[in-house]
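I opened my notebook and wrote down what I looked up, one entry at a time. Come and read along with me.

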Amino acid sequence: MPTPSDMTTDIAPGVLDALQHQVAVFARRAEQTRLGGVGQVRNSMDRAAYLLLNRLDQEGPMGVKALAAGMGIDSSTVTRQVAPLVDTGLVKRTSHPEDGRAVVLQLSPRGKARLEEVRASRRALMALVTDGWSEDERDAFCSLLTRFNSALSEVHNALPPVTPTA
């Protein structure tokens, strides 16, 4: 397997430095705005909550293990992140129809409405941020960002698990 230094020999260090810096700036800006929309703090949403609600909306009701696997995180993390969503009525816990002992998580009508509020606000923010961009530029950016996120996920998944030290 190539080492990190092997992989960068053909790429100008300045480009990689600029890329890692821009990714760090993007992460900060995204967290600052919570990508909640244009001046609409009420429409901001925690990243974990947004991703969980979005997955339940896109894929339908599912168990904790399936949700965790689909998001690339462990079940205990999903359980911890979904608890406040259940407490606030955005997600419903129900019994699995075939195995009453298993729990199925489902987006509630309130959760669906809240998710749509946040999505609409984020769409407005994306429109504002990319004002003056052509449709082709928006498409290219989205395509490259999707590709970047997929590659980052693959690298993350290939890393050995970190074991806590005592």
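This is a predicted model: local features need pLDDT of at least 70, side-chain atom pairs count only at pLDDT 80 or more; totals for chains, interfaces and linings use all residues.

**Entry 1: Arg119**

I started with Arg119, which counts as buried at 14% relative accessibility; buried means under 20% relative accessible area, exposed over 50% and partly exposed in between, with a 1.4 Å probe and protein chains only. I found Arg119 in helix H6. Residues are numbered from 1 along each chain as its sequence is written, and side-chain values use heavy atoms, with hydrogens and water left out.

Which residues does Arg119 touch, not counting those up to four places away in sequence? I listed Tyr50, Asn54, Asp57 and Gln58, taking contact to mean heavy atoms within 4.5 Å.

**Entry 2: salt bridges**

I looked up the salt bridges next, and the structure holds six. The term stands for a side-chain nitrogen of Lys or Arg within 4 Å of a carboxyl oxygen of Asp or Glu. My reminder to myself: side chains of opposite charge can pair when their charged atoms come close.

Arg119 has such a bridge with Glu116, and their closest N and O atoms are 3.9 Å apart. Both residues lie in helix H6, three residues apart, which is about one turn of the helix. I noted Glu116 as partly exposed, at 35% relative accessibility. Through shared partners, salt bridges join Asp57, Lys112, Glu116, Arg119 and Arg123 into one network.

I then followed Asp57, which bridges to Lys112 with the closest N and O atoms 2.5 Å apart. Asp57 lies in helix H3 and Lys112 in helix H6, so this pair ties together parts that are 55 residues apart in sequence. Lys112 is partly exposed, with a relative accessible area of 41%.

Another bridge pairs Glu59 with Arg55, the closest N and O atoms being 2.5 Å apart. Here both partners sit in helix H3, four residues apart, or about one turn of the helix. Why is that spacing handy to remember? An α-helix has 3.6 residues a turn, so residues three or four places apart point the same way. I marked Arg55 as partly exposed, at 22% relative accessibility.

**Entry 3: helix H3**

H3 kept turning up, and I gave it a page. H3 has 13 residues and reaches 18 Å from its first C-alpha to its last, close to the 18 Å expected at 1.5 Å a residue; the expected span is 1.5 Å times one less than the number of residues. At the start of H3, I found a side-chain oxygen of Asp46 within 2.9 Å of the backbone nitrogen of Ala48. Just after H3, Gly60 has a positive phi of about 85°.

Which residues of H3 are buried? They are Ala48, Ala49, Tyr50, Leu52, Leu53, Asn54 and Leu56. Their cover includes strand E1 (62-63), H4, H5, strand E2 (91-95), E3 and H6.

**Entry 4: the nonpolar core**

How many residues are in the largest nonpolar core? I wrote down 19, and those with the most contacts inside the core are Leu53, Leu56, Leu67, Val78, Leu85, Val91 and Leu105. A nonpolar core is a set of buried Ala, Val, Leu, Ile, Met, Phe, Trp, Tyr and Cys residues joined through side-chain atoms within 4.5 Å. At least two core residues each come from helix H3 (47-59), helix H4 (64-71), helix H5 (75-87), strand E3 (103-107) and helix H6 (109-129). H3 gives the most, with five residues.

I picked out Leu56: setting aside neighbours within four places in sequence, Leu56 is in contact with Met62, Leu67, Val91, Leu105, Gln106 and Leu107.

**Entry 5: the whole protein**

Last, I stepped back and noted seven helices and three strands. Helices (H or I, at least four residues) and strands (E, at least two) are DSSP runs, numbered from the N terminus. Along the sequence, the pattern reads α-α-α-β-α-α-β-β-α-α. Of the 166 residues in the protein, 22% are buried.

Definitions and conventions. A polar contact is a pair of N or O atoms within 3.5 Å; within protein, one must be able to donate a hydrogen and the other to accept it, and residues adjacent in sequence count only if both atoms are side-chain atoms.
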